[in-house]
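Take a look at the model below. We will walk through it step by step, from the overall layout to single residues.

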Amino acid sequence: MTTSLAPTTTALGPDSPLERRILLHTSRGLVYADERDEDRTVEGVLLGEADTETASQRTAMEQLLCRVCSGPPERTGAGVLWLLPLPTGTPDDRPWDGWPEGVTTTDPPVCLQHAGRSPTRSQAKYRPFYAAEAEIVGGFGTLHPAPGVLAAPGERMLRFDDPRMPWMVATHFVRQLRRLTPADEQGSTR
């Protein structure tokens, strides 16, 4: 990918704690100084460098693989099995009518073997659901301020159609889950 950069472009720098590669702040958004085609999704979202965990998340979300073992997730006529966090009740994560329909997640699905014993999940705070639809709708990562905006970079989830997306370096993919069916830890629908 060839990107024309204005001479006033600012480098966020190779010593930045957020990026190891040189990240340039242009009038159209963020670019890497040495950007390659694989640095962006088909939607044009700039991807951050991937450590092993981040690379595994992206692969599992793209290919719908179990988040624990990277094998196939549990599938039934009701869809693919996911463990969804219960809303915490905080101002940024309030419960809503109809939860979890339409919930977004950065967590990949799960196989039946790992549904009841996911190593990073407290079972009291998660519920299993089958999702008949699981579309990738955005990214999660570091949102940098656009030119003229005085703000510190911060972690955010944005949808692909968000006008701030050119200022994000995404580390994770986000899927929106629809047509959900509750399940138990053994994968049986309720």
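What percentage of the residues of the protein chain count as buried? Of 190 residues, 43% do. This is a predicted model, so confidence comes up first. The chain has a mean pLDDT of 82. Residues at 70 or more make up 78% of it. Among the elements, strand β10 (residues 168-182) has the highest mean pLDDT, 95. Strand β1 (residues 10-11) has the lowest, 34. Residues 1-19 have pLDDT below 50 throughout. Beyond near neighbours in sequence, that stretch still has 34 contacts in the model. Where pLDDT is low, the predicted coordinates should not be read in detail.

Next, the layout. The protein chain holds two helices and ten strands. Read from the N terminus, the order is β-β-β-β-α-β-β-β-α-β-β-β. Take the contacts with a separation of 6 or more: 65% of them join residues 24 or more positions apart.

Now turn to helix α1, residues 52-63. Its twelve residues span 16 Å from the first C-alpha to the last. That is close to the 16 Å expected at 1.5 Å a residue. Just after the helix, leucine 64 takes a positive phi of about 50°.

Which residues of α1 are buried? They are Thr54, Gln57, Arg58, Ala60 and Met61. These residues lie on the same side of α1 because they cover an arc of only 170° around the axis.

The proline sits in the loop between β7 and α2 (112-115). Its relative accessible area is 6%, so proline 108 is buried. Leaving aside neighbours within four places in sequence, proline 108 is in contact with Gln57, Ala60, Met61, Leu65, Arg67 and Trp82. Proline 108 and methionine 61 are 47 residues apart in sequence. In space, their C-alpha atoms are 5.2 Å apart.

With 0% relative accessibility, methionine 168 counts as buried. What does methionine 168 contact, leaving aside its neighbours within four places in sequence? The list is Leu30, Leu46, Gly139, Phe140, Gly141, Thr142, Leu143, Arg156 and Leu158. Methionine 168 and glycine 29 are 139 residues apart in sequence, and 8.2 Å apart in space, C-alpha to C-alpha.

Last, the cysteines. How many disulfides does the structure hold? It holds zero. Start with cysteine 69. Its closest cysteine sulfur is that of cysteine 66, 3.8 Å away, which is too far for a bond. The cut-off for a disulfide is a pair of sulfur atoms within 2.5 Å. Cysteine 111 is in no disulfide either. For cysteine 111, the nearest cysteine sulfur is again that of cysteine 66, at 3.7 Å. Are cysteine 69 and cysteine 111 buried or partly exposed? Cysteine 69 is partly exposed, with a relative accessible area of 40%. Cysteine 111 counts as buried, at 8% relative accessibility.

Technical notes
Residues numbered from 1 in each chain as written. Predicted model: local features only at pLDDT ≥ 70, side-chain atom pairs only at ≥ 80, totals over all residues. Heavy atoms only, no water. pLDDT = per-residue confidence, 0-100. Helix = DSSP H or I, 4+ residues; strand = E, 2+ residues; numbered from the N terminus. Contact = heavy atoms within 4.5 Å. Expected span 1.5 Å × (residues − 1). Buried < 20%, exposed > 50% of the residue type's maximum accessible area, 1.4 Å probe, protein only. Arc of directions from axis to C-beta.
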